[in-house]
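Please open the model in a viewer and keep the selection tool at hand.

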There are 2 protein chains.
Amino acid sequence: MSEPPAGPYDVITMGRLGVDLYPLRAGVPLAEVETFGRFLGGSAANVAVAAARLGRRTALVSRTGADPFGEFLHRALRGFGVDDRWVTPVEGYPTPLTFCEIFPPDDFPIYFYRRPKAPDLHLDPGDLDLDAIASAGVFWMTGTGLCEEPSRTATLAALRARGRRSRTVFDLDWRPVFWGGAGGASSDGGSTGHDAMAAARPHYAAALARATVAVGNADECEVATGEREPRAAAEALLAAGVELAVVKQGPKGVLAVHRDGTVAEVPPVEVEVLNGLGAGDAFGGALCHGLLAGWELTEVIRYANAAGALVASRLACSSAMPRPAEIEALLAGQRP
Amino acid sequence: MSEPPAGPYDVITMGRLGVDLYPLRAGVPLAEVETFGRFLGGSAANVAVAAARLGRRTALVSRTGADPFGEFLHRALRGFGVDDRWVTPVEGYPTPLTFCEIFPPDDFPIYFYRRPKAPDLHLDPGDLDLDAIASAGVFWMTGTGLCEEPSRTATLAALRARGRRSRTVFDLDWRPVFWGGAGGASSDGGSTGHDAMAAARPHYAAALARATVAVGNADECEVATGEREPRAAAEALLAAGVELAVVKQGPKGVLAVHRDGTVAEVPPVEVEVLNGLGAGDAFGGALCHGLLAGWELTEVIRYANAAGALVASRLACSSAMPRPAEIEALLAGQRP
């Protein structure tokens with residue numbers, strides 16, 4: 001990926017990047033896992049991979065440790081066809097790790113090794129190619145990127161550079177543990193959940209005022225807007241500034257509401273879930289693809305749902321991101 | 001291990017405990033390793049396992065995260081026959097991880113995930129059963145236990161409880177990265193090596209004044225005494241307070257000097273090295289065993305050398321600790 005890009009990128013994502021160390025079998029508690037496979041991971045990275053798999057010219061803005069796992073991530077990104085030119089090393093902090101437990105159909109605890117600070121939270125406004133970000137077809141950032149400085153300022157600077165251009169996506173990605181929530185599992189939302197949400201909300205509001213698309217589940221909508229009920233959450237996201245609100249309701253499907261009055265309600269694609277981790281990122285990459293294609297809203301969401309379902313039916317995350325033919329086959333099989 | 005101990009322990013070790021995530025093949029750079037095996041690790045834990053394999057009643061004093069990897073470590077310790085009653089969880093810090101690269105015969109970089117603080121450095125004097133420590137046949141502590149509070153105070157309190165009893169062993173275990181050295185690999189000893197040594201030396205001196213046996217390689221002797229030359233280092237360790245100095249010289253073998261004038265110089269056992277990690281801990285466990293047996297010094301060191309060589313010839317560490325018959329067979333094969 002050393003040749004200069006031919007015109008603007010289709011998709012630039014910004015945020016979390018790390019090594020996922022996942023059990024090679026489902027249903028085994030982490031305390032009993034004997035061997036782990038290592039994969040590229042991190043939400044922003046996975047979305048970039050998902051978009052690249054769909055043929056989009058994609059780049060990631062992130063950072064790694066200055067260590068062998070950082071080298072691996074560069075190779076993996078290039079292998080997936082994601083431009084890694086804006087992925088830079090940080091001295092002194094190791095490349096983050098994520099472990100998970102895989103208990104289908106709906107329990108996938110994850111354990112982060114991102115302390116004392118993840119390199120991707122060291123993104124500085126000076127690291128950004130604001131012209132490239134401004135001209136990309138889609139710019140995608142995440143809630144985690146707002147949790148610490150200098151990443152928060154950098155993320156808001158990138159949003160500002162977009163000038164409220166369409167397809168400026170805020171993935172509401174909510175990880176309470178990064179906001180002072182206790183524990184290491186993403187499922188944490190107990191006694192510290194409300195404190196963590198209160199800490200995050202003003203920063204979510206600042207980003208919503210600059211983004212044009214918001215994507216999130218009930219917890220994520222609650223952080224962003226205080227609302228959990230899907231329709232109310234969508235309206236609150238629109239009121240906070242975006243043009244398009246995409247509310248993921250798990251087994252109830254997805255509700256998307258556009259400021260112009262268009263509404264899409266799409267049921268989930270039925271698959272046997274093996275590992276739910278990464279499904280949201282597959283959804284995200286496919287959402288980018290569909291928005292760029294200019295499809296009808298219902299078609300975009302249906303396509304993104306199918307991409308998410310395919311990854312949920314597979315053990316891996318980044319390496320399981322589907323190709324267009326796989327999504328089309330799944331959708332075709334669903335139609336009468 | 002819930003039954004009360006029948007009299008004093010043969011060996012109590014105190015210090016580092018964590019999960020080792022090791023490549024399942026040698027010769028592969030970490031950036032290219034696709035699957036990792038997980039093992040019990042940490043120097044003090046490995047020494048305890050090595051002593052237990054030799055039939056000694058052994059306990060470990062350490063801490064883990066309050067997480068699934070901590071559970072695994074308890075199970076693994078019990079599986080190896082090491083009493084885990086003094087291994088307690090710490091809230092808020094994850095169980096530490098160690099990755100390695102295996103480039104035989106002599107390059108085994110390791111990468112620690114022990115930040116912001118390892119649970120085993122949260123050992124507090126109040127956590128200690130000082131009567132059990134005082135009455136154990138061998139008490140074994142390490143230099144790493146001195147690098148941070150409250151572990152430093154706890155380690156010195158344990159030494160004080162021994163009252164300079166024989167077989168109070170200071171494993172000089174030198175990991176500059178834990179003392180302000182840069183980088184994540186144990187091989188770090190560059191520009192920050194001297195600063196890290198200067199920070200550590202007073203604490204090493206305080207422990208040497210309470211220990212009766214010191215064990216270390218050239219780097220470790222230099223931290224403790226300023227001397228790297230084996231004979232000078234041994235004399236400096238005796239002058240600093242111990243009765244027995246054991247200086248490991250790598251391919252040149254081991255020099256042991258007792259205050260009573262006994263000297264043992266033992267050449268290395270020739271084996272094909274596959275993974276040098278853990279060999280020093282095997283040496284340590286066998287040293288405990290030989291000292292407890294009351295053998296001649298040369299016999300003790302020869303036996304410990306053979307134990308170390310066996311582990312160096314194997315890929316794993318803790319799970320590769322040898323049984324007595326294996327050590328005896330190796331020694332028997334060496335004799336004309």
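Begin by selecting A:Gly37 and B:Thr35: within S3(B), B:Thr35 is the bridge partner of A:Gly37. Extending the selection to strand S3 of both chains (residues 35–41 in chain A) shows an antiparallel pair joined by 3 bridges. Strands and helices here are DSSP runs, numbered from the N terminus (helices: H or I, at least four residues; strands: E, at least two), and two strands pair if DSSP finds at least two bridges between them.

Two conventions apply throughout. Residues are numbered from 1 along each chain as its sequence is written, and chains are lettered from A and ligands numbered from 1 in the order in which they are written. The model is predicted, with local features requiring pLDDT of at least 70 and side-chain atom pairs pLDDT 80 or more, while totals for chains, interfaces and linings use all residues; side-chain values use heavy atoms, leaving out hydrogens and water.

Next, select the whole interface. Here 28 residues of chain B are in contact with 27 residues of chain A, contact meaning heavy atoms within 4.5 Å. The two chains bury about 2,400 Å² between them, 62% of it on carbon and sulfur atoms; buried area is the accessible area (1.4 Å probe) that two parts lose on being put together, summed over both. Within chain B, highlight B:Ala31, B:Tyr113 and B:Arg115, which lose the most area to chain A and together account for 27% of what that side buries.

Now display the side chains of B:Glu32 and A:Arg75, which form a salt bridge at 2.9 Å, N to O.

Colour chain B by secondary structure. H2(B) gives the most, with 5 residues.

A turn of 180° with a shift of 0.0 Å along the axis gives an RMSD of 0.0 Å. The two copies are thus related as by a two-fold rotation axis. The same surface serves both, as 96% of the contact residues of chain B recur in chain A.

Finish with the backbone. In chain A, select A:Pro104 and A:Pro105, joined by a cis peptide bond with omega of about 10°; A:Pro105 lies in the loop between strand S6 (97–100) and strand S7 (110–113). In chain B, the peptide bond from B:Arg115 to B:Pro116 is cis, with omega near 0°, and B:Pro116 sits in the loop between S7 and helix H3 (130–135).

Technical notes: Salt bridge = Lys/Arg side-chain N within 4 Å of Asp/Glu carboxyl O. Least-squares fit on C-alpha atoms with pLDDT ≥ 70 in both.
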